[in-house]
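Hi everyone, thanks for coming. Let me put the structure up, and then I'll walk you through a few spots in it.

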Amino acid sequence: MTTVLITHPAFLNHDTGEAHPERLDRMRSIDKALAVEAFKPLTRRTASLRDDDKTYIALAHCKEHLTEVSEVAEHVASGHKYIDADTVVSPGTWEAARRAVGAGLDAVDVVMAGDAANAFCQVRPPGHHAESNRAMGFCLFNNVAIAAHYARAKYGAERIAVVDFDVHHGNGTQEIFWSDKNLFYGSTHQMPLFPGTGALRETGVGNIFNAPLRAGDGRERFEEAFRSRILLPLHNFAPDLLLISAGFDAHHRDPLGGLELTEEDFHWATESLTEVARRHANGRIVSMLEGGYDLTGLANSVAAHITALMHAST
Ligand SMILES: [Zn+2]
């Protein structure tokens with residue numbers, strides 16, 4: 001069994017402009033970090049542009065949202081168009097957004113078929129802020145929520161969990177999962193911070209587990225919160241598929257976040273999640289890139305995250 005890495009050169013064509021934190025250099029810095037000998041054993045695949053993607057996007061988003069994003073993104077002929085203050089589309093965005101969704105669907109196919117233990121999707125635009133009816137926070141479609149719904153529709157997965165350690169709360173995933181007790185959402189994030197959601201009292205139907213942290217919190221507080229508020233309920237939930245919203249902007253170098261994590265902390269969190277997956281889900285993990293805006297912090301953290309996934313798949 002191996003770890004699969006799914007990405008595509010089209011992610012470089014989602015042009016947000018030089019000054020935008022969610023920029024295409026993020027992909028290049030990860031490519032460079034993964035070009036070394038240690039990552040040779042990865043099985044590398046390109047993210048599909050799938051004919052059936054709209055069917056599955058519609059499981060997590062309303063029709064109007066799909067129409068709105070396609071109309072804006074499909075018809076931007078040049079330059080940039082802003083959907084909101086920080087969510088921007090360019091001529092390459094429509095294909096990138098569809099391949100980001102496609103990567104998640106491909107990854108679910110691979111792990112559900114047992115062709116690999118786990119998969120990492122190196123994609124952009126990210127997804128966890130996109131709600132059922134709106135794009136926001138650099139996100140157009142909620143890649144991870146779509147993958148979860150796909151795993152249920154196509155493979156009959158019964159209990160699907162998303163764990164999100166991005167520094168920002170995944171308001172979109174929470175909103176899409178809110179009233180479905182067989183979909184688990186657990187998140188560590190800084191609060192107060194964009195988007196403003198993620199308080200302890202936001203619990204859905206007992207399926208939402210928020211673990212807010214304060215600016216300046218580092219390893220000790222993170223590990224405590226992750227253990228007690230995420231891993232414990234996750235074990236009780238016993239997912240048959242585990243998805244990760246893998247954002248690395250809780251890294252101490254990150255310009256958008258105020259947490260003090262290091263790549264070792266992401267390695268530890270990933271290792272802990274592989275334990276849960278091994279116990280309940282036959283090891284099945286699909287991890288999807290979310291944020292991470294310091295190029296060095298991002299590249300080192302992705303490398304640490306994938307190292308833990310590879311270790312679990314051997
Ligand atoms: Zn983030």
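Let's begin with a helix contact: Asp-53, Lys-54, Tyr-56 and Ile-57 of helix 2 touch Trp-94, Arg-98, Val-101 and Leu-105 of helix 4. Sorted by class, that contact between helix 2 and helix 4 has five nonpolar residues, three charged ones and no polar ones. Please keep in mind that this is a predicted model.

How do the two helices pack? Helix 2, residues 53-60, and helix 4, residues 93-112, pack at an angle of about 80°, and their axes are 11 Å apart. So helix 2 is roughly perpendicular to helix 4.

His-168 and Asp-249, 81 residues apart, link distant parts of the chain. His-168 sits in the loop between strand 6 (160-164) and helix 6 (171-177), while Asp-249 sits in the loop between strand 9 (241-246) and helix 8 (263-280). Are they buried or exposed? Both His-168 and Asp-249 are buried.

One last stop, Ser-29, which lies in helix 1, residues 25-33. Ser-29 has a relative accessible area of 14%, so it counts as buried. Setting aside neighbours within four places in sequence, Ser-29 contacts Leu-295, Leu-298 and Ala-299.

Terms used
Residues are numbered from 1 along each chain as its sequence is written. This is a predicted model: local features need pLDDT of at least 70, side-chain atom pairs count only at pLDDT 80 or more; totals for chains, interfaces and linings use all residues. Side-chain values use heavy atoms; hydrogens and water are left out. Axes are lines fitted to C-alpha atoms, for helices over the stretch in contact, and angles run from 0 to 180 degrees between N-to-C directions. Helices (H or I, at least four residues) and strands (E, at least two) are DSSP runs, numbered from the N terminus. Angles under 35 degrees count as roughly parallel, over 145 as roughly antiparallel, 65 to 115 as roughly perpendicular and the rest as oblique. Contact means heavy atoms within 4.5 Å. Ala, Val, Leu, Ile, Met, Phe, Trp, Tyr, Cys and Pro count as nonpolar, Asp, Glu, Lys and Arg as charged, and the others, Gly among them, as polar. Buried means under 20% relative accessible area, exposed over 50%, partly exposed in between (1.4 Å probe, protein chains only).
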